[in-house]
Amino acid sequence: MTDFLRRLLATPQGLIGSLVVVLVLFAALTGAWLAPHDPDAMAALARYKAPGGDYLLGTDQYGRDILSRILSGARSTVTMALLATLLGTLLGAVVGTGSAYLGGRWDEAIMRTVDAVMAIPSLLMALLVVSLLGASGANALLAVAIAFMPGMARITRAVALTVRKQDYVSAAVARGEGSLYIVLREMLPNVIAPIVVEMTIRVSFAVMLFATLSFLGLGAQPPAADWGLMVSEARQYLHRSPWILIWPSVVIAITAIGFNLLGDGLRDALNPRT
Amino acid sequence: LAQATPEKGGTLRVAIDQAVSVLHPLLSRVNPEYLAAELLYSSLTRLTVGMQAEPDLATEWNANDTLTEWTFKLRDGLKFHDGSDCTSADVVASFEAILDPKFASPGKNNVGPIEKVEAVDPQTVKFTLSTPYADFPAAVAYNNARIIPASVIAGNFESLRSAANGTGPFKLVSYEPDRLVVFERNPDYYDPARPYVDRVELKVFPDLGAQVSSLMAGDIDLVATVEPNDFMRLEGADGVDTLRAASGQFCNVNFGTDIAPFNDARVRRALALTIDREAMVDFMTEGFGIKGNDTPLNKSYPFFKALPQREADIAEARRLLAEAGFPDGFEAELIASDRPAIRTQLAIALREMAKEAGITINVRTMPHATYLDQVWTKGAFYIGFYNMQPTPDGIFKLLFTSDAAWNETRWNNKAFDALIEEARGILDPVKRTEVYTKAQELMHEDVPSLIPSFFDVLGAKRAWMHDYAIHPRASMFRLDFAWLDANSPTRAA
Amino acid sequence: MPQDQKPVLSVRDYSLGYKVGSDTLSVLKTINLTINRGEILGLVGESGSGKSSMASAIMRYLAPNAIENAGAIHLGATDLRAQTPRQLADLRGSRVSMVFQDPATALNPTLKLGEQLAEVLMRHQGLTSAQAWKAGEERLAHVGLKSPAEMMHRLPHEVSGGEKQRVVIATAFACNPELIIFDEPTTALDVITSRQILDLFAGLQAETGVASLYISHDLALVARTARRVAVLQKGEIVEEGDTVTLFRAPQHPYTRALIGAVPRPDRRLVKADPAPEAAPLVKVRGVSVNYGRKSLLDSLLRRDFTPVVGNRAVTLDIKPGEILGIVGESGSGKSTLAKAMTGLNRFDGLIEFDGKPVRGLSDMGRDYRRDVQIVFQHPDASLNPRQRISEILARPIRLYGGRDGLPRRRQIEEMLERVRLPATYIDRFPHQLSGGEKQRIAIARAFLSNPRLVICDEITSALDVSVQASVIELLMELHQQTGAAYIFITHDINLIRQIAHRIAVMYRGDLIEVVATEAIAAPDRAPYTRELLAAVTPPASLTLTA
Amino acid sequence: MSASYILKRIALIFYTLFIVSLLVFGITQVLPADAAVMMLGENATTEALEALRNSMGLNDPIWMQYLRWIGGVVQGDFGTSLRTGQPVGPALFSALGTSLTLAVFSLTFMLALALPMGVVAAIRRGKATDLFVSFLSYIGVALPEFVTATLAVLFIADWWGILPPAGYVPLSQNPVEGLRHLVLPVVVVSIIMIAHVSRMVRSELVDVLHTDYIRAAHLKGLSRGRILLRHGLRNALLPAITIVALDVGYLLGGVIVVEEIFSIPGIGRALMAAIQARDLPVIQAGVLIMAATYSIVNFAADLIYAWLDKRIQYD
Ligand SMILES: Nc1ncnc2c1ncn2[C@@H]1O[C@H](COP(=O)(O)OP(=O)(O)OP(=O)(O)O)[C@@H](O)[C@H]1O
Ligand SMILES: Nc1ncnc2c1ncn2[C@@H]1O[C@H](COP(=O)(O)OP(=O)(O)OP(=O)(O)O)[C@@H](O)[C@H]1O
Ligand SMILES: [Mg+2]
Ligand SMILES: [Mg+2]
Ligand code: NI
């Protein structure tokens, strides 16, 4: 493990990515306490303030402190993205490994269906699911998870199939091990690594997708301090005070880049070839 | 402002923020659709910017003494776009169609208490009303009260969804609901001078920012409604005129007065007392509005008399709550649909203000379609949004009487209903004002709905476009008066 | 053939290292080599000894992290180290060329063979495309390809491995270079094909007199091809000399160990034959395996479907304690049979184990699983990289029950000792072991259940000669201790002749014959068996000392 | 590539559309909205609504409604929009045309930039150029389209006034204006794809440049240009074809946002409007058409791939 960490941190991507992600996670955990102001408190006299003074990053259209909103929004934004990715991955992994394990006709039927579902662009899929369930953060989470599912199913299946062909799995089968042991102890640990890489990169994707859903009015709902929502609301006030748009965009970008870098770093660390 | 004589020609390009989903004038429901209908069709009367009824197809009208019978005289030689004559029979058929539940016209409840419509002669129409109604000439100017050919109503009513045949200043050239609707000048319009422009193009810009950018780039000539922030941005822009009219437009918080805890007037009043109205005007309108006093009338309406302004009083609010049995406040879910965004802004601002009095409000937003389906007129606590109506009667009858078309609050106050009914039969402005003031007092006291502020109607146009006055009603445009000067890029060709 | 004494290649005091992290890994140390015109120099050494690095150094195509410390490399009078990249490009392919181990990867999969040959001619001999194409056809004919014109138009995947390697060789010889480097050119090919390629090489070499550096770890092969041999150990040439002398009287202990590790059919490693009258432990009766499955669409359209045949009605017996060798070219169905017997493949037919019939996977109960164990070819792949040795070895004990009274960990440590690994390895992960050590773990895993039949599927082919010898030694020891029967699958006929009681020969899914090991070289063998045997290079020492 | 392979791929397209049709029909059935109310508006009487429901067959069993719908679709009748009362098919297909114009330009632009970027980064792996390209690609995936679109409008259209900020002019009507209006949307949709594709091209090419046959080509003394173009790129770009085709799914999704912001009357906006207005027939048809487009593009990509790379053995 330490060896792995050392390899991860040796690459610039791994290093910067880990740093950023740790920072973002830290903000997600403690942001609500660190916030200097009440993120929801409005101040009629302090609207559209530029950064400086009491308000480090300025204030928004209601006179709310942007820094506090970003900090307290970190929790929901990052957790949502993580949870959605996790859930999508989990669902996808179940379908993918299940399909790979069942094999034969079942595999064919399942994968063709997964392919079919993939023909619906993931944003559109998410839109449909949200409008079905109603616009709210929780439903957006589910929507993103569902939108991620087919892709993840495909990837896990591909990985699971390669793992399944490995001799150590054959050895376990020949030894007469039960399916449960084979799937859980022999296959899963080896399937997980590439999936973790894919997942990490998808987190940034999820952040984008949530933001886009918010823009289309189907994601997090005001007055939530969700970053995507903050950006999409801020578009309207861009000309009064660009800061309202800039700050949340910057944190979104940093988060997305951080997870992307970490994903690339993980990939390199797990695959010594490149 | 140079009072130049109108010049002819050019293409007027207007930005609209929603699709013209419905072209049928009897079925239109949102401002862009009203605009298209107004270009293509005419009504008996229409409202001036001062909210007075003026002749449109009808040149003159009069009523009997009890205000229950109204006779309208049509112009000579009116012709539909297809060349056929427009006569009193078409007017009768149109109004009958509007009133016929089968066709489900949204204007059914807005055109007055019509009992019967008759054609007296080809140019005279007589309306018999069930109750006296002094505002009738303004009511027949309602957006859906357009005159369409009787033959269409008898034949294929739905055909007007994709084609048009009216008596309006413009004819339909092409119709793409989500992109572009094109009109051309109607050479047979009853006023030979008007309209001045050759063509009108309605361009759909779903993104508000794109509208404004396009106006600044000179790609369009008029944005009928702009947001306060865009308005401020446009105020300094070269070659752009901003347009502003005080109005009775408002966003309100509706209580389901039959659902606890909002069935207790003390609770409703307590909530009203938490609102810092000055701040609310700022939050919601960026200052382009005035304070509301929890009644739908303001000084833009005739027969209006101001009541003492309600201001925030947290102590009193807490006292009322305690009296109503909520000494520690209560928790409630406030529902706002997502369009227009101002609904959410009101909800969020109220949430913060109500906190002071210990009331916890959870804001829930939902797509407009879901809101209409599940919450509207049924909910306990939700946000409404209304254009200014032509008359006080219009707004009261639309929202607050027991028989209101959209009885959002189920307030159903008999005394109030009687006052509104009484006012309908009064011609004397002083007396009418008195009655409406009493009605306002009832509302102000009982607070079926919170009306914290009114918004001005804001718009913007290129300086090369002239004689366009923004209408307080926001759903009226009168583009047949507008003209383009030689600086307009579309005049050059 | 007269030998021109002016060296074509001379390497003087050459050293090479690779930068790994902040350290430098020294790979070649003060190497001195010369090759004269018409001469073949064999370069042998175990894996990682630096053979390929030497080839790259000569070709001036070094990894970016390579560090050259000292020394000179001359091709004729040209100082290769002093050449600019442009000059080098002119040299490569025209004055010096190279043949790689695997023809499948050395050819661009999306370009026609003809183009890949013709481009060298165009580049170095200034031919036009049409001329080069014609010349290419001649070259192909020269390397013994049947229809060269047609061959020129084929893509690599449309021809066999042997044909590919012929194309590669034709390309290497195309511009009549002074020096050709062969880096294990036959390892990827099966016995018979590699034999043909070697003959082709010998012929061409004699004809053109090109100087060659022939790299291999197969001593027997080098002994046949090269007149002179250099032995490389950990980057140093420990011994160099005339092939005959070197093999007859190796000076350096490393050379001796290398030669000693070469399997020699005459030196049998199994003692007694199993009791001939004993009832067979396993009876394989008409076992067939087909690969592939009719797809849904095919069955919907009622289309015919021809499956890939893995095994066609294989029948054989194995007696208790017997070592049965299975040989045959790649793809002949050896592994398929092994997999069928261990329940990894569906099969038709009957397997009788110790009198109990097994008709399919469901008949393979716990007892069968315990009694029949398999060891795979690639030690890297057969051990789960995410499990410690302790977990890997604990499984058979948990599944089949170990010896009572002894803690499981203790049993594992004992087993480690039996396969001659330190007990401290118990907490390691597979990647912390060498290839040979990993294979020992795999063997330990198989023997933990006290099996009665162990199937070894080419278990030594991924290992170095010397490591291979020690693994074989271990296997023989375990055989004596436990008396388990083995099925030993291999390509190495010399090896199998050392250890098997009987040898089964397979060809394209069919079992050709099963013969006693002594009788494998008898003249009345099946034609394919004879062909196979003839292709085998007998161990150098044998031919040379006899 | 055999006829049976093609047949199989076509069967797969139909299967895909079947599954998608089931899915979207299912979703629209449970959407919280009543088609009859949508059509008649909130003022309609109960009787009128009931009559409409009957005439639209909304009271039939679900499977019958599905069969009726799919039957219509097969005959090219996608139903009538609840919102506009117009037939769905023609409106959506013209919107699809608009979106495809945008998509084709975006793909072209994306490839024109992403390919050279990836190639240069691969050749100069580890050098400053490579880092710069990586940096660009990280930036590219860092912001949602609606932000990049907003910024593009702000800087390029509002401040510099070079390009129109929004709107759409059909190319057939006025090619010059049409192209001018396409520039910003095309750039915005392409950004994320450029990042993705250039990274992919880079890693594919890096892999290829490490193969034995590239080494062999070097050792044959071939020129760097020939090695890169003839041996390297060809093999690196082939897999890119299928991946780019998969990106079309992303493109179709991204188009929704871009069309919304730039007021382009494409299928994305039509769908968005339909979703907001609960215009069920349009949602159904729109999703189906998008899925069909995606499937067909991927089919084409597979065919091209199989045709270019004869190695691939499809079964
Ligand atoms: N680019 C490199 N960086 C670091 N170490 C390397 C590099 N290339 C080779 N090595 C190491 O140098 C040593 C010699 O490698 P080389 O490929 O020359 O061996 P070889 O004798 O050809 O082995 P084999 O018989 O397996 O082909 C090995 O230990 C190898 O791991
Ligand atoms: N899973 C599979 N699916 C389809 N065909 C297979 C499969 N495994 C093996 N085959 C085919 O079955 C035949 C026999 O293969 P098998 O692996 O048994 O050969 P082998 O003798 O072990 O060869 P090698 O010496 O290369 O290991 C070959 O033609 C091979 O291509
Ligand atoms: Mg080597
Ligand atoms: Mg095998
Ligand atoms: Ni334009």
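Over all chains, the structure holds 82 salt bridges, a salt bridge being a side-chain nitrogen of Lys or Arg within 4 Å of a carboxyl oxygen of Asp or Glu. This is a predicted model, in which local features need pLDDT of at least 70 and side-chain atom pairs count only at pLDDT 80 or more, whereas totals for chains, interfaces and linings use all residues. Residues are numbered from 1 along each chain as its sequence is written, chains are lettered from A and ligands numbered from 1 in the order in which they are written, and side-chain values use heavy atoms, with hydrogens and water left out.

Select B:Arg351 and A:Asp40, whose side chains meet in a salt bridge at 3.6 Å, N to O. This pair crosses between chains, with B:Arg351 in helix α10 (residues 342-355) of chain B and A:Asp40 in the loop between α2 (12-34) and α3 (66-102) of chain A; helices (H or I, at least four residues) and strands (E, at least two) are DSSP runs, numbered from the N terminus. Both B:Arg351 and A:Asp40 are buried, where buried means under 20% relative accessible area, exposed over 50%, and partly exposed in between (1.4 Å probe, protein chains only).

Within chain A, select A:Arg69 and A:Asp60, which form a salt bridge at 3.8 Å, N to O, and which are both buried.

Then move to B:Glu176 and B:Arg179, a salt bridge whose closest N and O atoms are 3.1 Å apart. Is B:Arg179 buried or exposed? With a relative accessible area of 14%, B:Arg179 is buried, whereas B:Glu176, at 32%, counts as partly exposed.

Finally, centre the view on ligand 1, which is surrounded by 15 residues, the closest being C:Ser47, C:Gly48, C:Lys51, C:Ser52 and C:Ser53; a residue is near a molecule if one of its heavy atoms lies within 4 Å of it. Oxygen atoms of ligand 1 lie 2.6 Å from a side-chain N or O atom of C:Ser52, 2.8 Å from one of C:Lys51, and 3.0 Å from a polar backbone atom of C:Gly50. Colouring chain C by element shows that β1 (7-20), β2 (23-36) and α1 (51-59) each supply at least two residues of this shell, with the largest share, 3 residues, coming from α1(C).

Methods:
A polar contact is a pair of N or O atoms within 3.5 Å; within protein, one must be able to donate a hydrogen and the other to accept it, and residues adjacent in sequence count only if both atoms are side-chain atoms.
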